[in-house]
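Please look through the structure shown here together with its sequence.

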Amino acid sequence: MIEQFPALIVVTPLIMSFILFAVSWWNKRLCFPILILTLSACIVFAIGILDTVIKQGKPIHYYLGGWDPPWGIEYVIDHLNALVLVAVAVVAWLVAIYSKSAVEKELHESKLPQFYTLFLLQVTGLFGITATGDMFNLYVLLEIASFSAYAIIAMGERGADFAAFRYVIFGTIGACAYLLGVGYLYILTGSLNMADLSHLIPKLFYNKALLVGFAFFLVGVGIKMGIFPVHFWLPDAYTLAPSAVSALLAPLFTKVGAYVIIRIMFTVFDPSFSIKLYPVMDILGWIAAVGIIFACIMALAQSDLKRMFCYLIVAEMGYIVIGIASGNRLGLTGAILHIINDMFMMACLFTVAGAIMYQMGTRNIYEFRYLHRTMPITLAVFVVGALSVVGVPPACGFFSKWYLILGTIQAKKWLLLFVLLASSLINAVLFFRVIENAYLEPREAHAHAHNGGHPIVTLDRVPLNMLIAMILIAAGIILLGLFSGKIVMNIIDFAIPANL
Amino acid sequence: MWEVILSKYNYWIYAFMLMIGFYAMMAKNNLLKKLIGMNIFQWALIFYFISIGAKKGATVPIIPGVHGHHGAEHLVVHAADYVNPLPHVLMLTAIVVGVATTGIALALLIMIYRRYGTLEEDEIIEELKK
Amino acid sequence: MISRWEDIIIETISRFLVPFMQTYSLYVLAHGHGSPGGGFQGGCIFAASFVLLIIAYDIFEAKKRFSEKINGVFCALGVFIYAGIGWLCLLLGGNFLDYGKLSKILPTDPIMARYYGMAGIETGVQITVMAIMVSIFLDLVTAGRHEEAMEEEDVGSDSK
């Protein structure tokens, strides 16, 4: 049974989303249990796959339809895949638990079945992108994930449908650019299978058409990832979407795009192509550096908490690209570790923003006065997330930034090192604004505090499932930090190609 | 220079269509025109792929006169005689993806029109700023 | 809103054409392996027959024959057929969508079983595509106001 898991992890959410849709015509209350059951099954599948890959030591090959590659579609799961699968499954499950009350407050109840169906379809697309080993299958599943994202974002507040339309236009350009890249590769090699391409491409290294295909891949997946020059769909779309939707999309969708870039640059195209032959790493480094500075400055200018976090996503993608642009083992380790860490960090931050929206009805950080009295647990989770983004041990963000810094030192790219350190400083300022507003009281207010200077602390009025999900995500951040050494030694070291 | 243009005229046509679609997506003000531009962009891509499979003097990729597995084993098939069917199959999927994108975008446009009363982008942004 | 504009020629011709369109769509589905066609194309033609009804008559005529609920059920049914055949192949011991293993329950050998498996999933694709195309068209035509379309009683016939 375990050898069927790669197909099951993609197919199960697909079937269950339609079962959920059909069941919702009779009984609306069954939607949420079906969602949680499906995602729990997916966690079991993902952990089973990771276990098998670690024990076997070599990748799992799964032939869809029984056809051998390169004629058939193949699902290849190696260490990188399996790690991202587990992270996506766990974060999706936690956000699903979180989403029940968040969505019931923000959406009309006739739209709830549609929300859950789109949730599962989105998760299908994400699992499929991670698991597949075929270039065109990746395009199809990327589009499945994108469509669900377009539709589920449009359910949000005022202006969300326009933001979703802009996302449709941008996202389609990205997907079509990816398809153009696939077309170039197919013309040159005649194959669509990733493993097959990695054997056929090295003979073609000096071909101009191959370089154009590579450029199209970078642009196409870059649009989906949200790298600096082409990230403009991101702030509007993720800010105006419902809270649960932002909490689902922001951690997962862009990071899976980062995984696709790593897969294309280092597995399909040999590392010697991406690093030594053409100055791709320099270009990526410059783009990432400018992107991080831009995103941090834009984040400083925001007063809406969620919009600030959206610019933070762009900055985090810049970190991952810096890790890739270092071009050595340490940098790539940092990039892969940062993908996993950032999933949890962004889930933490966006769930906190959703909880604050639920209770306070506002996301303006200048109205967060005395928030620590009314929402202590939520703010504690926020502080854990903030520490992780800034890079304070034992939260996981410190370890991935450590590897990134080591990578840039080893590659002697001092500009990237400076950008990494400067942006950590700007992140600290960013979060301290919010923490100051929420925790510290101005001097004159303290004299007029109630009952002789002892403030009343009440527990959050957010529902229990949201609190539990947020606490579990925060615990996940700390656990990832404590176990990051094990993750690096046992999984990530094998995920990076050997000749790097 | 003329050989480059004339011998690869189909690629020039697709590049032209891509640029027309891209221009429409970026520069037009009306949202429906942007959608049409997106459609042109996707169709240029589909034509590009289909033209990959064409071969000179080749025919439809179906072996005539055999049914099931009785006859095909004894037939010698020269691949150069048959059009490559793989790009066609890939593009069937891409057409479906294009249709689905258009469907979603049209539904979004209806929502936008009902809410703001206009499909011009600058008027909608003005409306949203209030 | 499409209100009714009665024209005897259009109504009669469309009543003749719709069954032929539907039969043609099934023909396109069945001959998909040997000639241009298949599930998606057949589904679009089948949906076009409903669109012809909506254009020639009225939304209510089409909705009498194909309501929202049936639409939703068909949409899910097609995916179940597709994924169900895939699951069946899983349960019979092969990989997902490995139709050769269907020969254990069908009275043919593995090679012809692949043929029947593909026909089966194409049927599923046709059903879903038909339901979705009709649904997209209904959404566009009623501008999203399905409930108001059902309550609309003004079937004003601008007769000549």
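Q: How many residues does the contact between chain A and chain C take from chain C?
A: This is a predicted model, and the contact is counted from its coordinates. Two residues count as being in contact if their C-beta atoms, placed from the backbone, lie within 7 Å. The contact takes 14 residues from chain A, and from chain C it takes 15 residues.

Q: Which element supplies the largest share of the side of chain A that touches chain C?
A: Helix H1 (5–23) and strand E1 (60–63) of chain A each supply at least two residues of the side that touches chain C. By class, that side has 11 nonpolar, three polar and no charged residues. The largest share, seven residues, comes from H1(A).

Q: Which helix gives the most to the side of chain B that touches chain A?
A: The contact of these two chains takes 25 residues from chain B and 22 residues from chain A. On the side of chain B, helix H3 (31–52), helix H4 (85–116) and helix H5 (121–129) each supply at least two residues. The residues of this side divide into 20 nonpolar, three polar and two charged. The helix that gives the most, with 13 residues, is H4(B).

Q: Are helices H10 and H14 of chain A roughly parallel or roughly antiparallel to each other?
A: Helix H10 (residues 243–268) and helix H14 (residues 329–360) of chain A pack with their axes 8 Å apart, at an angle of about 165°. Angles over 145 degrees count as roughly antiparallel, whereas those under 35 degrees count as roughly parallel. H10(A) and H14(A) are therefore roughly antiparallel.

Q: How many residues of the contact of H10(A) with H14(A) are nonpolar?
A: The crossing of these two helices, H10(A) and H14(A), is right-handed. Among the residues that make the contact are A:Ala247, A:Leu252 and A:Tyr259 of H10(A), together with A:Ile339, A:Met346 and A:Phe350 of H14(A). Sorted by class, the residues of the contact include four polar and two charged, while the number of nonpolar ones is 17.

Q: Which helices of chain A are included in what covers the buried residues of H20(A)?
A: The buried residues of H20(A) include A:Met466, A:Met470, A:Ile473, A:Ile477 and A:Leu480. An α-helix has 3.6 residues a turn, so residues three or four places apart point the same way. What covers the buried residues of H20(A) includes helix H3 (79–106), H14, helix H16 (376–390), helix H17 (396–410) and helix H21 (484–495) of chain A.

Q: What share of the residues in chain C is buried?
A: The secondary structure of chain C comes to six helices and zero strands. Of the contacts in chain C with a separation of 6 or more, 64% are between residues 24 or more positions apart. Chain C has 160 residues, and the buried share of them is 37%.

Q: Is C:Phe46 buried or exposed?
A: C:Phe46 lies in helix H2 (residues 39–56) of chain C. Not counting residues up to four places away in sequence, C:Phe46 touches C:Gln22, C:Ser25, C:Gln126 and C:Met130. A residue is buried if 20 or more other C-beta atoms lie within 10 Å of its own. Because C:Phe46 has 24 C-beta neighbours inside 10 Å, this residue counts as buried.

Q: Is A:Lys412 buried or exposed?
A: A:Lys412 is found in the loop between H17 and helix H18 (414–439) of chain A. Phi of A:Lys412 is near 60°, a positive value in a residue other than glycine. A residue with 12 or fewer C-beta neighbours is exposed. With 9 C-beta neighbours inside 10 Å, A:Lys412 therefore counts as exposed.

Notes
Residues are numbered from 1 along each chain as its sequence is written. Chains are lettered from A and ligands numbered from 1 in the order in which they are written. This is a predicted model: local features need pLDDT of at least 70, side-chain atom pairs count only at pLDDT 80 or more; totals for chains, interfaces and linings use all residues. Axes are lines fitted to C-alpha atoms, for helices over the stretch in contact, and angles run from 0 to 180 degrees between N-to-C directions. Helices (H or I, at least four residues) and strands (E, at least two) are DSSP runs, numbered from the N terminus. Angles under 35 degrees count as roughly parallel, over 145 as roughly antiparallel, 65 to 115 as roughly perpendicular and the rest as oblique. A crossing is left-handed if the near helix is turned anticlockwise from the far one by less than a right angle, and right-handed if clockwise. Ala, Val, Leu, Ile, Met, Phe, Trp, Tyr, Cys and Pro count as nonpolar, Asp, Glu, Lys and Arg as charged, and the others, Gly among them, as polar.
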